[in-house]
2 protein chains.
Amino acid sequence: MLRLTKQETKKNLKQLGSNVLDQIKHEKNPALDVPIRTLSNVKYDPKSKMITMGEGLAKRYFFNIGHVRKFVQTIEAAAVAKELIDVGKHLSLRETFYRMKRTLPNSNINLVDEQEESNAAIEDLELITDASRELLHINANKLGSVAGKVVIEDKGDTIDWSKLGSGGWAIPSNVEDIIFKKVDAKFVIYLEKAAEWERLHEDRVWEKLNCIIISSQGQATRGIRRLLQRLHMEYKLPVYILVDGDPWGAYIYSVIKYGSISLAHISQELAIPGAKMLGLTAEDVVKYGLQKHLIKFEEVDVKRLEQVKNYDWFKDHKEWQKQFKLWKELNGKVELAALSSKGITFISDKYIPDKIKNKEWLD
Amino acid sequence: MLRLTKQETKKNLKQLGSNVLDQIKHEKNPALDVPIRTLSNVKYDPKSKMITMGEGLAKRYFFNIGHVRKFVQTIEAAAVAKELIDVGKHLSLRETFYRMKRTLPNSNINLVDEQEESNAAIEDLELITDASRELLHINANKLGSVAGKVVIEDKGDTIDWSKLGSGGWAIPSNVEDIIFKKVDAKFVIYLEKAAEWERLHEDRVWEKLNCIIISSQGQATRGIRRLLQRLHMEYKLPVYILVDGDPWGAYIYSVIKYGSISLAHISQELAIPGAKMLGLTAEDVVKYGLQKHLIKFEEVDVKRLEQVKNYDWFKDHKEWQKQFKLWKELNGKVELAALSSKGITFISDKYIPDKIKNKEWLD
């Protein structure tokens, strides 16, 4: 998927409408060409290092009892997106669901009954129009904070990420319209935990190491992933990932790096194949004497470890397979917060600088 | 609990240590006076409209097999807090747990094994020293965004909450040191959902209605509650709460207003007895025709409704009892996002302004 401009997005939305109108005028059964989003059409591409979608297309007809509901939902999603772009407003996925949940005239049939339906319609629309959900003015979740020597322009405001006190800039759900005015940083550190972000921020790591620090709380949102990707692509900044040492952390890393199965159609907008995993690794547990802070794996962790280990992008990766083997032997997880046992600012003063200096990361 | 200065906090911590030392010097069994935090010592006080703690005190002895572990943990928590204040750093609750998890010399006994232990020690320390966890440099979670016509000073930075683009200021876990330089707002709107905050922010509600908008995502953190309380107490700003219409939303409201059982000892620092619930109410469902957007209660919702209904601060409250009765009849919840069905900006242009103008709130 190529990055579209606002004008192109509008044009593609209009094209979708006029195609359907043309078919009606020519008394054809209106149809949409929808890329197939089933698992069989999703695969890991070792060349691009991304989870990508195949080329498969399916026709979706209006006069077809099995197709008509999805057909109408896709058209409605397009109508909502057009309305949003026209008035310059955005809606969340949940709000879009309610906006689409109209009752058809003279019936008791709702256009959508569950958010899964509107979500699927929006994902189809992304593929049909080649425009990401963000370009269609439909936003994902808002989460996360950022600090660093960066100045941006957003909604007419000039914002200096290095002058926002202890809180930092709150990352919006949609970062498409942000203009980078000055990026004076050498790399980006992404943290899975907001508490560790506060640790690094209080220790002014972004100033000392000349970097940008970004955190979510758990899985990274689309807004955070797009922000990381834009800094990586537009400013060639390395992205270092810091997650808890467990299969869940490995998965958070892999989603940022390779993309995810459910958003495979948008990997080119979200994935960062160059991202590196800084820690916590199984070796860290021994090196930093964190054994007593291991939290014993429960059955669900062991199961998850097996799953993650066998994902296409990990299963032929020697170093990662070694990691998974070591974790299985350790039989426990270790949290970033555990580094506090070595000293209040140990993660900021020693762990991160040493790791980066010695290029101790997993690729 | 009165608000202490930094100096007083340090003094009280020191006092705790010298008291214990004195007892040792006089060959007494070292003991701490710890307020009782069991449920029996917590009650709702209708006069102050706060969940408060009784006066009960218990002695905790060093030479007592049932007391010694907790005694040592409390002293260790005090030592960590003193260290943090001395070096001017903060730790999260989780980090503090790891910091306290030392192994006693010549033994295989850890000072704490579970975070519940360090949490309890920190809560006891709050009571013994009369200083909130924030003053002891131990932080809760970081979450939420804020926008509005307010200028603050924090960590040497001057931050204008009205000039932060689409993201807003990310609220830190600890807002004790923030200095308000200019507060040009008439009231505060708190929203349970980040997506609705983005709705109001895009519609520039804070500018149009001259207010401050603050959101969490789900339950409000201590940082958010302290920020709301400080604006309410120091600038006499009314606080209006917007939550989903369900028992969970009612509870989020009640925690902000009256405090919570688990943090009863700190209600005076966190509760906002003047807070008002703007919506969503059961009446809103009918008034705004949201019936078709009701999400049928599941068993867990019905159970929660019964629990919340019977809390001391609700059970003699006529208007709230009417609410709970109506919700039971509706037998479903309704989300703030459902207002989008009435128009993209309906919540910003109509719902909130009308409610405030007509003083349509629950007290």
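**Close-up views of a predicted two-chain model**

**View 1. The loop position of A:Lys342 in chain A.** In this predicted model, A:Lys342 is found in the loop of chain A that runs between strand 17 (332-333) and helix 14 (346-357). A:Lys342 counts as partly exposed because it has 17 C-beta neighbours inside 10 Å, a count that falls between the limit of 12 or fewer for exposed residues and that of 20 or more for buried ones. Although A:Lys342 and A:Leu290 are 52 residues apart in sequence, their C-alpha atoms are 9.0 Å apart in space.

**View 2. Helix 7 of chain A and the elements around its buried residues.** Helix 7 of chain A, residues 222-235, has 14 residues and spans 19 Å from its first C-alpha to its last, which is close to the 20 Å expected at 1.5 Å a residue. The buried residues in this helix are A:Arg222, A:Gly223, A:Ile224, A:Arg225, A:Arg226, A:Leu227, A:Leu228 and A:Leu231. These buried residues pack against strand 12 (187-191), strand 13 (211-215) and strand 14 (239-242) of chain A, and also against helix 8 (247-258) and helix 9 (267-270) of that chain. Just after helix 7 of chain A, A:Lys236 takes a positive phi of about 55°.

**View 3. The packing of helix 8 of chain A with helix 11 of chain A.** Helix 8 of chain A and helix 11 (residues 299-309) of chain A pack at an angle of about 35°, their axes lying 9 Å apart, and helix 8 passes helix 11 in a left-handed crossing. On the side of helix 8 of chain A the contact is made by A:Pro247, A:Trp248, A:Ala250 and A:Tyr251, and on the side of helix 11 of chain A by A:Asp301, A:Arg304, A:Leu305 and A:Val308. By class, this contact has six nonpolar, no polar and two charged residues.

**View 4. The crossing of helix 2 of chain A with helix 3 of chain A.** Helix 2 (residues 68-87) and helix 3 (residues 93-100) of chain A pack at an angle of about 115°, with their axes 10 Å apart. That angle makes helix 2 of chain A roughly perpendicular to helix 3 of chain A, and the crossing is right-handed. A:Glu76, A:Ala77 and A:Val80 of helix 2 meet A:Thr96, A:Arg99 and A:Met100 of helix 3, a set that divides into three nonpolar, one polar and two charged residues.

**View 5. The side of chain B that touches chain A.** Here 43 residues of chain B are in contact with 43 residues of chain A. Among the elements of chain B that give two or more residues to this side are helix 2 (68-87), helix 3 (93-100) and helix 5 (194-202). By class, the side of chain B that touches chain A has 15 nonpolar, 15 polar and 13 charged residues.

Definitions and conventions
Residues numbered from 1 in each chain as written. Chains lettered and ligands numbered in written order. Predicted model: local features only at pLDDT ≥ 70, side-chain atom pairs only at ≥ 80, totals over all residues. Axes fitted to C-alpha atoms, helices over the stretch in contact; angles between N-to-C directions. Helix = DSSP H or I, 4+ residues; strand = E, 2+ residues; numbered from the N terminus. Parallel < 35°, antiparallel > 145°, perpendicular 65-115°, else oblique. Left-handed = near helix turned anticlockwise from the far one by under 90°. Contact = placed C-beta atoms within 7 Å. Nonpolar A, V, L, I, M, F, W, Y, C, P; charged D, E, K, R; others polar. Expected span 1.5 Å × (residues − 1).
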